[in-house]
Amino acid sequence: MKVLEERTQTRKINKTQVINKQYLTSSNMSQKRILITGAAGFLGSHLSDRFIKEGYYVIAMDNLITGDMMNIEHLLTNPNFEFIHHDVTKYIEIEGTLDYILHFASPASPIDYLKIPIQTLKVGAMGTHNLLGLAKAKGARILVASTSEVYGDPLVHPQTEEYWGNVNPVGPRGVYDEAKRYMESITMAYHTFHHVETRIIRIFNTYGPRMRLNDGRALPAFIGQALRGEDMTVFGDGSQTRSFCYVDDLVEGIYRLLLSDYSSPVNIGNPNEISLKDFAEEVLKLTGSTVKIVYKELPVDDPKQRQPDITKAKTLLGWEPKVDRAEGLKKTYDYFKALPPSEWTKLPKEFTSK
Ligand SMILES: NC(=O)c1ccc[n+]([C@@H]2O[C@H](COP(=O)([O-])OP(=O)(O)OC[C@H]3O[C@@H](n4cnc5c(N)ncnc54)[C@H](O)[C@@H]3O)[C@@H](O)[C@H]2O)c1
């Protein structure tokens, strides 16, 4: 990891030189420039791939607190890509023009944000504030990654964007949920008072390659346990539901929302709902594993049901998910199975500061 970081720093210097030249080249004047925060994470790395493919110049920013350079290593030699190792809660300086910003930096899995609650609140609050300021200064359009967690343990089902949610601000999950609710609020304020072009996406559970097997989320946890031959843990009685969206579908939704002219929040997720017990059984069948399903106590404030109402995404963006769960699960399982077995047994990330 240290070696990879050193290589990245070296490349960063070289890339900065390339960029400076790029500003002066008139043939590149039309190339759109996008800043992606959280780019070394699961979603940020897929977004980096997509925008490179669309011909953008991608500036990837990450402090690697939960991300991994392996996710973007294949992009480091691309002349349209640069990586900046930076914490977005600190002042952000970007040379040259910026057309778009995607703010995806934030711990996203409960196992992470429960260990680093203050960083989670700071990245949602100070990080978002810094990025909105940058968007204003550069005249860039900014899309912020919010979440279905703003609905908390919802009393309305399925969840429409008009539902205000049922969040416990002082419960353990409050650090993430309230950070995202504040993020939405300050984003709207910049839109209203500073006329910054803003987009807010509420992402429902998404899965796919480059998740971390040990990040505590249901799908990688089940697959990891199946690969290691351990019993599969379901919390509660497994009747709580989730709706899982394959990452390619989500990326398409983000792309469309960014290029739309809609500034209120939009749900993106797959409405195909499943109980966690049935989901565990699907993973068992897919992996051919013979391990048992075991039940453990439900964590505090665990939402009982989740299903996005995607009417808005359908009407405004012409978007709906295309990848069904069987296909998405197979692609994800193939990815994890191909990892070196040392990855299957890696322990969850430990963090040095709180
Ligand atoms: N994956 C999902 O199902 C899901 C659902 C809803 C919302 N989201 C949101 O999408 C975004 C990405 O989630 P993910 O699943 O890819 O998580 P991830 O942990 O894989 O990626 C997050 C990235 O942000 C980086 N980061 C965190 N704090 C930072 C900081 N202060 N400065 C710079 N970089 C920082 C991490 O190092 C990591 O690379 C998050 O904002 C998350 O809240 C994800």
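Two strands count as paired here if DSSP finds at least two bridges between them. Helices (H or I, at least four residues) and strands (E, at least two) are themselves DSSP runs, numbered from the N terminus. This is a predicted model, so local features need pLDDT of at least 70 and side-chain atom pairs count only at pLDDT 80 or more, while totals for chains, interfaces and linings use all residues. Residues are numbered from 1 along each chain as its sequence is written.

Let's start with the sheet. Seven strands make an open sheet with parallel pairing, and reading across you get β3-β2-β1-β4-β5-β6-β11. β3 (81–85) and β11 (266–268) sit at the edges with a single partner strand each, so one side of each has no neighbour in the sheet. From one strand to the next the twist averages 20 degrees. Further in, β4 (residues 100–103) and β5 pair in the parallel sense over four bridges, and H103 stands opposite V144 in β5.

Now for the helices on that sheet. Contact means that the C-beta atoms of two residues, placed from the backbone, lie within 7 Å. Axes are lines fitted to C-alpha atoms, for helices over the stretch in contact, and angles run from 0 to 180 degrees between N-to-C directions. α2 packs on the sheet and touches β1 (33–37), β2 (57–62), β3 and β4, with its direction at about 170 degrees to that of β2. α4 lies across β1, β4 and β5, and runs at about 175 degrees to β4.

What about the inside? A residue is buried if 20 or more other C-beta atoms lie within 10 Å of its own, exposed if 12 or fewer, and partly exposed in between, again with C-beta atoms placed from the backbone. A nonpolar core is a set of buried Ala, Val, Leu, Ile, Met, Phe, Trp, Tyr and Cys residues joined through C-beta atoms within 7 Å. The largest such core has 77 residues, and I36, A60, I101, I142 and I201 have the most contacts inside it. Leaving aside neighbours within four places in sequence, I101 is in contact with L35, L131, L134, A135, A140 and I142.

Helix α6 (residues 218–228) is mostly covered too, with eight of its eleven residues buried. Its cover includes β7 (206–207), β8 (232–235), α8 (276–287), α10 (325–338) and α11 (341–344). Just after α6, G229 takes a positive phi of about 75 degrees.

A residue is near a molecule if its C-beta atom, placed from the backbone, lies within 6 Å of it. There are 28 residues around the ligand, and G38, G41, G67, S106 and A108 come nearest. α2 (42–53), α4 (117–138) and β5 (141–147) are the elements giving two or more residues to this shell, and α2 has the largest share, three residues.

H157 and P158 are joined by a cis peptide bond with omega of about -10 degrees, and P158 lies in the loop between β5 and α5 (174–194). L64, in the loop between β2 and β3, is a residue other than glycine with a positive phi, near 65 degrees. L64 is partly exposed, with 15 other C-beta atoms within 10 Å. H195, found between α5 and β6 (198–203), also has a positive phi, near 55 degrees. H195 counts as exposed, with 9 C-beta neighbours inside 10 Å.
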